[in-house]
Structure formats: C-alpha cells, structure tokens
Amino acid sequence: MEDKLTYFKNLLSIRSELESYDKIHEEIKKAVAFKGTNLFVLIFAIIVASVGLNMNSTAVIIGAMLISPLMGPINGIGYSLATYNFTLLKVSIRNLSLAVFASLMASAVYFYLTPVNEAHSELLARISPTIYDVIIALFGGFAGILALSSKLKGNVIPGVAIATALMPPICTAGYGLGTFQFNFFFGALYLFAINAVFIALATLIVCQYLKFPIRSDIPAEKKKSLNRYISIIILITIVPSVYLGYKLVKKEEFSMNAKSFLKDVSIVDGNYLMKSHLDEDSFSIELMFAGYGITPDTKTQIKKLAAMHDLDTSKISINQGFNTAELQENTQKFLSEREVLENKLNTTVYALQQAEKKIDSLSNISTFGEKILAEAKVLYPSIEMCVYSEGYVYGAPKDTTSTDTSMVKVPMVVLYSNGTLK
C-alpha cells in the first residue's frame with residue numbers, strides 16, 4: 001500500500017522537472033520587457049488578428065494568437081505578486097498597459113479604415129464573457145506557468161495563448177472604438193480583463209505552491225493588505241461573469257425547451273405552425289398558425305404544452321395566419337356574388353340587344369316611304385310622292401291586339417298623284 005502511495009506521489013510530482021528559480025525568474029523578466037521587437041511583433045499580430053476577425057477566419061485568428069507576446073506581462077504580474085517583487089510588478093503593469101494601448105490603437109485604426117466592418121460571429125463571440133471564460137483563463141494560466149517553470153516546456157505555451165484567447169478580445173475592443181460601437185468595446189475589454197486577471201491569479205497560485213523565493217522583505221501587515229486587494233480585484237472581475245454565465249445557462253435551457261415545445265405544437269387541431277420566433281433575451285415565443293382557426297380551446301391546449309416544457313405561458317404569443325374556414329366561406333360568398341353579377345350582366349346585355357333592335361327599326365322608318373313609293377309607281381305611274389309615318393290611335397277598341405288598350409300604334413301612308421287612280 002505504501003509503495004502504491006509513493007508511486008502516485010512521484011507520478012504527480014512536478015518538482016523533479018522544475019527549472020532553477022533563477023532561470024525561471026530571468027525568463028519571466030525577459031518576457032515582461034515590451035519594447036523594440038516585442039512591441040512591433042505585438043502590433044503586427046494585432047493587425048493579423050483584426051483581419052481574421054474582419055474576414056471571420058478562425059485560422060488567421062489562431063495564427064495571430066500564436067505570435068502574440070501578450071502573455072509575458074500577465075505572467076510577470078502573477079509572478080511578481082507571488083514573490084513580492086514590487087519592482088517587477090510595476091514594470092509588468094506598465095508594459096501590459098502599453099501593450100493594451102498599442103493593441104487598441106492598431107486595431108481601432110484598422111477597423112476605422114477597412115471598408116468591411118460587419119460584425120461576424122468571431123466578433124460577436126467576444127462581447128459576452130461568462131464564468132466559463134473564467135475557468136478557461138484560470139486553467140490555461142495553470143498550464144502556462146507550469147510549462148514555463150518546467151524543463152519540458154514542449155508546445156504548451158502556444159496552446160495556452162490559443163486557449164485563453166488574449167488577442168481577439170483586444171481586437172474586438174478596437175473594433176468597437178473604430179466603429180464607435182461601445183457595447184463591443186466594453187464587452188470585449190471585460191473579457192480581456194477576465195483573461196488577464198485569472199491567468200495572473202493562476203501564475204500566483206502555482207508560484208506560491210512551488211515555493212518560489214521571496215524577492216523582497218515585506219512586513220506581514222503589508223502582505224495582508226496586498227492579499228486583500230488581490231481578493232477584491234478577483235471578486236470584482238468574477239461576479240459579473242457569474243451573472244452572465246447564469247444568463248447563458250438560462251438561455252440555453254430556454255432554447256432547448258422551446259425547440260422541444262415547437263415540435264409538439266407543429267400541428268394542433270387542424271392548424272399547422274407556419275412561423276415561429278424565439279427571443280432568448282426576454283424568453284418569449286411568437287407563434288403563427290395557419291389552418292381551420294385558433295379557438296380559445298386550442299390556445300389553452302398550446303399553453304398547457306408550454307407549461308409541460310417549463311416555459312412561461314404569459315410570454316407565448318399565439319397568432320392566426322390565414323384561416324381555411326374563413327377562406328372557404330369567403331370563396332362561397334365570392335361565388336354567390338359572382339352569380340348575381342353574371343345574372344345582372346345577362347339582363348343588361350339582353351336590354352342592350354332589345355334597344356339595338358329598336359334603334360334599327362327606328363332607323364329603317366325613313367326608308368319605308370321610299371320603298372312604298374317605288375312599288376306603288378310600278379302599279380300606278382301617276383303617283384308622284386309618298387308620305388310615310390307612324391302614329392298612335394287613342395281610345396282603340398278592346399279587341400285590339402295591343403297590350404295597352406288606351407292607344408294603338410298604326411302606320412300612315414299618304415300618296416300624291418297627278419291623275420285619277422283606278
């Protein structure tokens with residue numbers, strides 16, 4: 001049993017692979033320096049990352065994170081706090097501030113000048129940090145300082161640079177400045193602050209665990225004061241991320257429940273779900289149905305299904321699209337109106353035809369006298385003129401064929417002859 005414990009103790013031990021404290025100190029001190037080559041490499045890396053964010057290219061962003069020297073001052077802050085090296089702490093804070101300022105200016109200028117400044121998913125992902133970003137930064141920081149302190153560094157440090165993603169938040173903050181969208185600026189800057197604080201905290205914890213030597217004499221009271229300030233900074237940084245993480249979890253829960261609910265209400269009482277909209281910020285759902293009509297009973301049924309999926313029924317809006325029953329009723333009404341109009345049209349056409357016949361008969365009256373004269377002259381050459389007209393005889397007898405017994409329409413012919421007619 002004791003042999004097994006010794007085996008596991010040796011398996012988990014990292015002190016055997018630890019570099020000398022002086023060598024670690026020199027490496028951290030060297031990485032903290034921010035001038036000349038380091039400064040230009042940072043600016044170039046910022047431009048590369050900004051292009052990657054601008055074009056929504058994950059590969060380009062990863063490349064920029066690999067060449068970024070931003071980890072140096074952050075590790076320097078954690079290391080100097082653990083060893084109470086206040087000289088190095090001041091240099092680390094100053095150089096980190098310089099690096100942040102240079103990064104913000106470079107990315108802001110790029111996004112101000114670029115013609116393409118649409119916020120793609122890579123940019124949007126950096127404005128809402130949560131507790132998960134805290135966990136990533138903390139454990140990424142653990143891996144980074146352990147790799148820096150070990151003789152077997154391998155490729156851990158570049159991996160930490162990618163995992164903790166220090167570059168994209170700074171570039172996103174620069175995007176907010178360059179495009180005057182300050183929600184991007186503050187959200188991304190908060191994410192960078194989370195990464196920086198918890199990487200530094202991880203460095204501090206590991207350095208204290210590995211018992212790095214104290215680099216200055218410090219009274220116990222000052223140690224307590226320093227630890228108090230560190231705790232306050234950590235608390236201020238972590239509390240908003242916990243709240244945002246809680247909101248993220250609630251949004252994910254709402255999204256999952258809502259999707260399951262939408263499947264259950266895809267068809268309800270002869271109505272099918274035509275359109276739906278989920279608002280994850282207000283946890284509300286808008287539904288648009290089409291079919292045979294949404295009745296109060298149908299709405300009650302939909303609300304019950306929502307409650308079964310742990311959704312707030314007061315935030316579910318149910319709307320009716322086109323109604324099949326109303327459509328059929330309107331179609332029948334249209335057909336009935338069409339028949340009435342067709343009958344009216346036929347009556348009007350018949351009246352017009354009758355009117356045309358009457359007009360034709362009236363227009364022919366003028367030729368009747370001419371025809372009578374022509375025929376009469378054949379039989380009676382002495383006839384010279386003819387008068388033809390139509391008149392009405394009033395007070396006609398009852399046996400007349402006219403439907404109106406008060407008057408009868410009769411033709412009148414007057415012939416003029418220059419001699420006696422036989």
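Biologist: How many residues does helix 3 have, and how far does it reach from its first C-alpha to its last?

Modeller: Please bear in mind that this is a predicted model. Helix 3 has 18 residues and reaches 26 Å from its first C-alpha to its last, close to the 26 Å expected at 1.5 Å a residue.

Biologist: Which residues of helix 3 are buried?

Modeller: They are Leu 42, Ala 45, Ile 46, Ala 49, Ser 50, Gly 52, Leu 53 and Asn 54.

Biologist: And what follows helix 3?

Modeller: Asn 56 follows helix 3, with a positive phi near 60 degrees.

Biologist: How do the axes of helix 3 and helix 6 cross?

Modeller: The axes of helix 3 (residues 37–54) and helix 6 (residues 86–113) come within 9 Å and cross at roughly 40 degrees. The two helices are therefore oblique to each other. The crossing of helix 3 and helix 6 is right-handed.

Biologist: Which residues make that contact?

Modeller: Helix 3 contributes Leu 39, Leu 42, Ile 43, Ile 46, Ile 47, Ser 50, Val 51, Leu 53 and Asn 54. From helix 6 come Ala 99, Ala 102, Ser 103, Ala 106, Ser 107, Tyr 110 and Phe 111. By class, this contact of helix 3 with helix 6 has 12 nonpolar, 4 polar and no charged residues.

Biologist: Moving on, what about helix 8 and helix 11?

Modeller: The axes of helix 8 (residues 131–149) and helix 11 (residues 182–209) come within 7 Å, crossing at roughly 40 degrees. Helix 8 and helix 11 are therefore oblique to each other, and helix 8 passes helix 11 in a right-handed crossing.

Biologist: Which residues are in contact there?

Modeller: On helix 8, they include Asp 133, Val 134, Phe 142 and Ile 145. On helix 11, Leu 191, Asn 195, Phe 198 and Cys 207 are among them. The residues of the contact of helix 8 with helix 11 divide into 15 nonpolar, 3 polar and 1 charged.

Biologist: What span should helix 10 have?

Modeller: At 1.5 Å a residue, the 13 residues of helix 10 (residues 167–179) should span 18 Å, and its end C-alpha atoms are 18 Å apart, which agrees.

Biologist: What comes after helix 10?

Modeller: Phe 180 follows helix 10, and the phi of Phe 180 is positive, near 60 degrees.

Terms used: Residues are numbered from 1 along each chain as its sequence is written. This is a predicted model: local features need pLDDT of at least 70, side-chain atom pairs count only at pLDDT 80 or more; totals for chains, interfaces and linings use all residues. Side-chain values use heavy atoms; hydrogens and water are left out. Axes are lines fitted to C-alpha atoms, for helices over the stretch in contact, and angles run from 0 to 180 degrees between N-to-C directions. Helices (H or I, at least four residues) and strands (E, at least two) are DSSP runs, numbered from the N terminus. Angles under 35 degrees count as roughly parallel, over 145 as roughly antiparallel, 65 to 115 as roughly perpendicular and the rest as oblique. A crossing is left-handed if the near helix is turned anticlockwise from the far one by less than a right angle, and right-handed if clockwise. Contact means heavy atoms within 4.5 Å. Ala, Val, Leu, Ile, Met, Phe, Trp, Tyr, Cys and Pro count as nonpolar, Asp, Glu, Lys and Arg as charged, and the others, Gly among them, as polar. The expected span of a helix is 1.5 Å times one less than its number of residues. Buried means under 20% relative accessible area, exposed over 50%, partly exposed in between (1.4 Å probe, protein chains only).
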